[in-house]
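Visitor: I would like to learn how to read a model of this kind, feature by feature. Could you take me through one, giving the general idea before the particular case?

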Amino acid sequence: MSNEFPQIKVLNVPFINTTQTAFLAAIEARINHRENTFIVTANPEIVMYARNDSHYQQILENADYITPDGIGILKGAAILGQPMTERITGYDTLLALLAWGNQQGKSVYLVGAKPDVIKDVKKVVAARYPELKVVGARDGYFNDFTPIAQDIAQKQPDMVFLAVGFPKQEQLIADYRHQNNGLWMGVGGSFDVLSGHTKRAPEFFQKHHLEWFYRLITEPTRLKRMMVLPRYLKVVKQSARKSK
Ligand code: UDP
């Protein structure tokens, strides 16, 4: 973990505690210096998963930055008596870096989502960020990542965004990040939103921290995944009591 920002641990996962603006400035400087950088944007689901999978926990600990994506992490930190400044979401970070990359003429490699989704991502990115060099765009339904990694190694992009969902995206980044000294970041379902295939929660839901609720009503199949939230809060509360 990089130590330039204060950290707050939520159930053994060390989150950076800073603002989106300060975080972006740090990342942009690292990209300019071609420093190998691995960002994880973690939510309660990821934290709970890491508790039961020491290998994944290890991967998280070897990331350079873990940011609080999801209001559940801020809630957890508050319960633990260590309030965090703000959310730093994967989707907002992705958009900010694409915009910055466009201004700076940086290169980007995109991997993930279904074939028709990544096709539309390419179109949206070309239209919105014309100066950004998209040196690779692959769907996320590959059997073997090796040829993609070879292509990344050859093209040496400034930024690699992997949208194949956790824990797979973090596992792949941990395995292949040494092949390119740029930014590597897992962005989950972001390509579905960027392409317009999935709608992001309307502002009302975002403002009232109800994005999770919006996703639940629009994608009810996520209910099973969301069941982890009450369990997460319970474990956080137990941990807060213990540390008193
Ligand atoms: N996905 C993929 N390859 C796979 C499995 C999933 O590219 O083998 C994609 C899927 O199409 C979706 C994203 O990974 O675009 C996962 O989205 P989800 O919303 O589940 O991710 P989260 O942000 O919740 O981790």
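Visitor: What share of the residues of the protein chain count as buried?

Guide: The idea is to compare each residue's relative accessible area with a cut-off, and buried means under 20%. In this predicted model, 50% of the 244 residues of the protein chain count as buried. The accessible surface of the chain comes to about 11,900 Å², and 51% of that surface belongs to carbon and sulfur atoms.

Visitor: How many helices and strands does the protein chain have, and why is it called as compact as a globular protein of that length?

Guide: The protein chain has 13 helices and eight strands. Its radius of gyration is 18 Å, close to the 18 Å that the globule rule gives for 244 residues, so the chain is as compact as a globular protein of that length. Along the principal axes, the C-alpha trace spans about 50 × 40 × 35 Å. Of the contacts with a separation of 6 or more, 75% are accounted for by residues 24 or more positions apart.

Visitor: Which residues come nearest to the ligand, and what classes make up the shell?

Guide: One lists the surrounding residues and then sorts them by class. There are 16 residues around the ligand, and those that come nearest are A113, G140, Y141, D192 and R225. The shell comprises five nonpolar, five polar and six charged residues.

Visitor: Where do oxygen atoms of the ligand lie relative to polar backbone atoms of A113, G189 and G165?

Guide: Here one reads distances between pairs of atoms. From an oxygen atom of the ligand to a polar backbone atom, the distance is 2.9 Å for A113, 3.1 Å for G189 and 3.5 Å for G165. Taken alone, the ligand exposes 550 Å², of which the protein buries 77%.

Visitor: Is L11 buried or exposed?

Guide: L11 counts as buried, because its relative accessibility is 9% and the cut-off for buried is under 20%. H209, also not a glycine, has a positive phi of about 55 degrees and is found in the loop between α10 (203-207) and α11 (211-218); with a relative accessible area of 39%, H209 is partly exposed.

Conventions
Residues are numbered from 1 along each chain as its sequence is written. This is a predicted model: local features need pLDDT of at least 70, side-chain atom pairs count only at pLDDT 80 or more; totals for chains, interfaces and linings use all residues. Side-chain values use heavy atoms; hydrogens and water are left out. A residue is near a molecule or strand if one of its heavy atoms lies within 4 Å of it. A polar contact is a pair of N or O atoms within 3.5 Å; within protein, one must be able to donate a hydrogen and the other to accept it, and residues adjacent in sequence count only if both atoms are side-chain atoms. Accessible areas come from the Shrake-Rupley method with a 1.4 Å probe; for residues, only the protein chains shown count as cover. Ala, Val, Leu, Ile, Met, Phe, Trp, Tyr, Cys and Pro count as nonpolar, Asp, Glu, Lys and Arg as charged, and the others, Gly among them, as polar. Helices (H or I, at least four residues) and strands (E, at least two) are DSSP runs, numbered from the N terminus. The radius of gyration is taken over C-alpha atoms; the globule rule is 2.2 Å times the number of residues to the power 0.38. Buried means under 20% relative accessible area, exposed over 50%, partly exposed in between (1.4 Å probe, protein chains only). Contact means heavy atoms within 4.5 Å.
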